[in-house]
Amino acid sequence: MSLKNDKFPSSAAFDAINSALTGSDADRKDAIKQGNAVFAFVLKNAAGETDQWHIDLKNKGEVGKGLGEKPSVTLSLSDADFAQLVAGKANAQRLFMSGKLKIKGDVMKATKLDPILKKAQTKAKL
C-alpha cells in the first residue's frame, strides 16, 4: 500500500522511508533503537491543503498515514520544505529557526530523525 498522496509530491519519501525500515529486520531494529519515538508529520501543499503521516520508531518500525498513536513529536512544514529536507538540500535547524518548521512535543526527539531521513535519501528519487 502506497503512502503517497499525489497532491503532496514529497509524500513519496514516506514510501522510501518505509521500504528502508522494512527492508531488513536489522535495519528496523536499529532505527527503533535510535529513534525510540513516534514522529508525526503535518505537510501543507501549495494549495493550502494538509495531510498527515507518521513514522513509528517506538513499537512497529513502520510508516503510516495519520498522526499515529501518541506521537512523541509533531513536525509541521510545507510539502516543498519537506522535499528539500529529505533530499538533503535543507537543514532542519535552519527551517526551524526561520519559522518554516514547527515542532510540537519533544524537540530533542526531532533531532533523532536525521539518520532515518538520510537512509531514505539513498532510496528516494524526489
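Reader: What makes the pairing of Lys4 and Asp6 a salt bridge?

Author: The N to O distance between their side chains is 3.2 Å. A salt bridge needs a side-chain nitrogen of Lys or Arg within 4 Å of a carboxyl oxygen of Asp or Glu, so Lys4 and Asp6 qualify. Bear in mind that this is a predicted model, where local features need pLDDT of at least 70, side-chain atom pairs count only at pLDDT 80 or more, and totals for chains, interfaces and linings use all residues. Residues are numbered from 1 along each chain as its sequence is written, and side-chain values use heavy atoms, with hydrogens and water left out.

Reader: How many salt bridges does the structure hold?

Author: Five.

Reader: Why is Asp6 called exposed?

Author: Asp6 has 67% relative accessibility. Exposed means over 50% relative accessible area, buried means under 20%, and partly exposed is in between (1.4 Å probe, protein chains only), so Asp6 goes down as exposed. Its partner Lys4 comes out at 38%, which makes Lys4 partly exposed.

Reader: What makes Arg28 and Asp25 a salt bridge?

Author: Their closest N and O atoms are 2.6 Å apart, so the pair passes the salt-bridge test. Arg28 and Asp25 sit three residues apart in helix α2, so about one helical turn separates them. By the way, helices here are DSSP runs (H or I, at least four residues), strands are too (E, at least two), and both are numbered from the N terminus.

Reader: Which residues are linked with Asp25 in a network of salt bridges?

Author: Arg28 and Lys29. Asp25 also bridges to Lys29, with the closest N and O atoms 3.3 Å apart. Those two are four residues apart in α2, again about one turn of the helix. As for accessibility, Arg28 is partly exposed at 23%, Asp25 is partly exposed at 40%, and Lys29 is exposed at 54%.

Reader: How do you know that the buried residues of α2 line one face of the helix?

Author: In α2, which covers residues 25–35, the buried ones are Ala31, Ile32 and Gly35. Looking down the axis of α2, its buried residues fall within an arc of 100°, so they line one face. That arc is taken from the directions from the helix axis to the C-beta atoms. Ala26, Lys29 and Lys33 are exposed on the other side of α2. Asn36 follows the helix, with a positive phi near 45°.

Reader: Why is helix α3 called largely enclosed by the rest of the structure?

Author: Because six of its eight residues are buried. They are Asp79, Asp81, Phe82, Ala83, Leu85 and Val86. Just after α3 comes Gly88, whose phi is positive at about 80°.

Reader: What makes Thr74 count as buried?

Author: Thr74 has a relative accessibility of 14%, so it falls under the cut-off for buried. This residue belongs to strand β4, residues 73–78. Leaving out residues up to four places away in sequence, Thr74 touches Ala40, Val42, Leu67, Lys102, Ile103 and Lys104. Touching, or contact, means heavy atoms within 4.5 Å.

Reader: Which residues does UniProt list for "domain: SCP2"?

Author: The unreviewed entry gives residues 18–118. UniProt positions follow the numbering used here, feature names are shortened, and annotations may be inferred rather than shown by experiment. In the model, that span is 39% helix and 28% strand, and its end C-alpha atoms lie 13 Å apart.
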